[in-house]
Amino acid sequence: MIKKVFMRENLSFKIAELEIEKGLTVFTGLSGAGKSILFKGIISAFALCDSEAKFVEIELDDEIEADKFGIFSDDDNVFKMIKEKNTKYFLNNQSINKKSLNALSKTFIKYLSVKDSNEFSNERLLGLLDVLQEQKDGTFKEFLSSFKELYKNYKDKSEELEKIKEEEKRIEDLKELASMQIEKIEKIKPKLGEYEELLSLKKRLSKKDKIIEAWARANAIFELESAVIEALNLSEKDSAFFTDCLNELRFVSESQNFDDLDFDIEELLDRIEQLSFLIKKYGSIEESLKVLEEKKKELLHYENLSFEKKELELELENLSKEVNDKAEILSKFRKSNLKDLQTLLNSYLEKLYMKNVSLELLSCDLSELGFDELKLSINEAELKNLSSGELNRLRLAFIAVECKLLNFGKGIIFLDEIDANLSGKEAMSIANVLDELANFYQIFAISHLPQLSSKAKNHFLVEKENNESFVRKLKDDERVGELARMISGEQIRDEALEFAKTLLKS
């Protein structure tokens, strides 16, 4: 739930600061005081609408799926909207783009002032029918789970078969391509470590002539060996060191053996070029050998494709029968609960002074939801033809039905003048539905009628003075006066005060 709101420089508001408790929160005040400005300012921090506010900060204590958007969650999550040259959004002091924040916010916020029919998706409508069946039959949940698992297997196998059929259309091209790659690699016959070894040989070979020529000149020293020894002996110097040195030199000279380089240099360069081609194409000799094995398996797969196809078609035939049988059973369960869901939904629509809804279960192509599509119409009118007010009250009814069936609901609902243009009786009926929903959801609403306002746990009055707007939370005794104003106008009569007290007591 939203615990705190801080906002500044939002058109007529210089500063607005709210502390909020659980339950229904209502904003009231004279027309033009700034209720909608304040309301949209709050919602703008969640990137669900635009606002002129320069800064909005919202403190939320719910768990949210922020990690899916690369944001670290906390026990208290802080949303910020800052508008300078551009609008920037932050969650827990981490920057987040508008699109991601909008997607995240929609997981826990329902904004019933926007014409949105997500509540009426086929998956959610069928889900309500399935919940009714679960309440009747304890084994149904397991049956539904097994159907979904079976359908997933059926879908995976179907996609696998389609892939094989696509491969069949271009099988000759694929076989030729795989064969060409195999042929190119096998023709070169690369070996691990060969390329590095050949480069080393090339380096030695490039020095061969220079080494031979240098040693041919250096060997002249051995012709002077006896003359040097004689000179040392005449000088009465030990010649052993010179003899050892010449012997070591002679050993090095004789070890310059190039027998391992006795091959055609052109062949060596051609081989290096072949291996370089593979390295350039595949990244390394090791990778080219891996590709060789993969292409051999691929070619074998293409050659066995017709056999694989027959096996898969037989498996799919059995799966198809099984999944279709279960889908038909699922449809029967849903049809048996259709009337109950329609009755429950209409009971809420009656409270909301809406016409009855008709539900019809139609057959459609098989999907993870079965063969079923739930069609909804009000007085033979489709959803797209409903007014925004009608659509939002219908959405409210569906949310109430979900909470009733699941005994669960979590998140925040924003309602912008849900009771506009309604009679007092109609407004009280809506107030009662919202009061029921407030056990599950935190609800924010703008209202001009005392019935809904009387149910508020948090009642905020928005006022305007000298073109500046203010908002403050009303105490119990102040609420009587505000409700009385909503009943009788600025000239508050005693009857209005009594009625206001009655509403608060009830």
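## Phe46 and Phe108

Phe46 is buried, at 0% relative accessibility. This and the other values below come from a predicted model. Phe108 counts as buried too, with a relative accessible area of 10%; the limit for that class is under 20%.

The ring centres of Phe46 and Phe108 lie 6.0 Å apart and their planes stand at 80°, so the two rings form an edge-to-face pair. Phe46 sits in the loop between helix H1 (35-44) and E4, and Phe108 in the loop between helix H2 (98-105) and strand E8 (109-111). The pair thus links distant parts of the chain, 62 residues apart.

## Other aromatic pairs

In total, the structure holds 13 aromatic pairs. One of them joins Phe6 and Phe55, with ring centres 6.1 Å apart; the planes are at 65°, so this pair is edge-to-face. Phe6 belongs to strand E1 (residues 2-10) and Phe55 to strand E4 (residues 55-60). The two residues are 49 residues apart, and their pairing links distant parts of the chain.

Phe6 is partly exposed, at 25% relative accessibility, whereas Phe55 is buried, with a relative accessible area of 12%. Partly exposed refers to values between the 20% limit for buried and the 50% limit for exposed. Elsewhere, a cluster connected by ring pairs takes in Phe27, Phe39, Phe414, Phe444 and Phe460.

## Overall dimensions

The chain has 506 residues, and a compact globule of that length would have a radius of gyration near 23 Å. For this chain the value is 42 Å. The C-alpha trace spans about 145 × 70 × 35 Å along its principal axes.

Secondary structure amounts to 16 helices and 14 strands. Of the contacts between residues at least 6 apart in sequence, 70% join residues at least 24 apart.

## Surface and charge

Of the 506 residues, 43% count as buried. The chain exposes about 29200 Å², of which carbon and sulfur atoms supply 48%.

There are 78 positive and 100 negative charges in the chain.

## Arg271 in helix H9

Arg271 is located in helix H9, which covers residues 265-282. Is this arginine buried or exposed? With a relative accessible area of 18%, Arg271 is buried, since the class requires a value under 20%.

When residues up to four places away in sequence are not counted, Arg271 touches Ile188, Lys189, Pro190, Glu194 and Leu198.

## Asn346 in helix H11

Helix H11 runs over residues 305-351 and contains Asn346. Asn346 is buried, at 10% relative accessibility. Its contacts, leaving aside neighbours within four places in sequence, are with Asn356 and Val357.

How far apart are the C-alpha atoms of Asn346 and Ala431? They are separated by 17 Å, while the two residues are 85 residues apart along the chain.

How values were computed:
Residues numbered from 1 in each chain as written. Predicted model: local features only at pLDDT ≥ 70, side-chain atom pairs only at ≥ 80, totals over all residues. Heavy atoms only, no water. Helix = DSSP H or I, 4+ residues; strand = E, 2+ residues; numbered from the N terminus. Rg over C-alpha atoms; globule rule 2.2 N^0.38 Å. Buried < 20%, exposed > 50% of the residue type's maximum accessible area, 1.4 Å probe, protein only. Contact = heavy atoms within 4.5 Å. Areas by Shrake-Rupley, 256 points an atom, 1.4 Å probe, with all protein chains shown as cover. Lys, Arg positive; Asp, Glu negative; His and termini not counted. Charge placed at Lys NZ, Arg CZ, Asp CG, Glu CD. Phe/Tyr/Trp six-rings, centres within 6.5 Å; stacked < 30°, edge-to-face > 60°.
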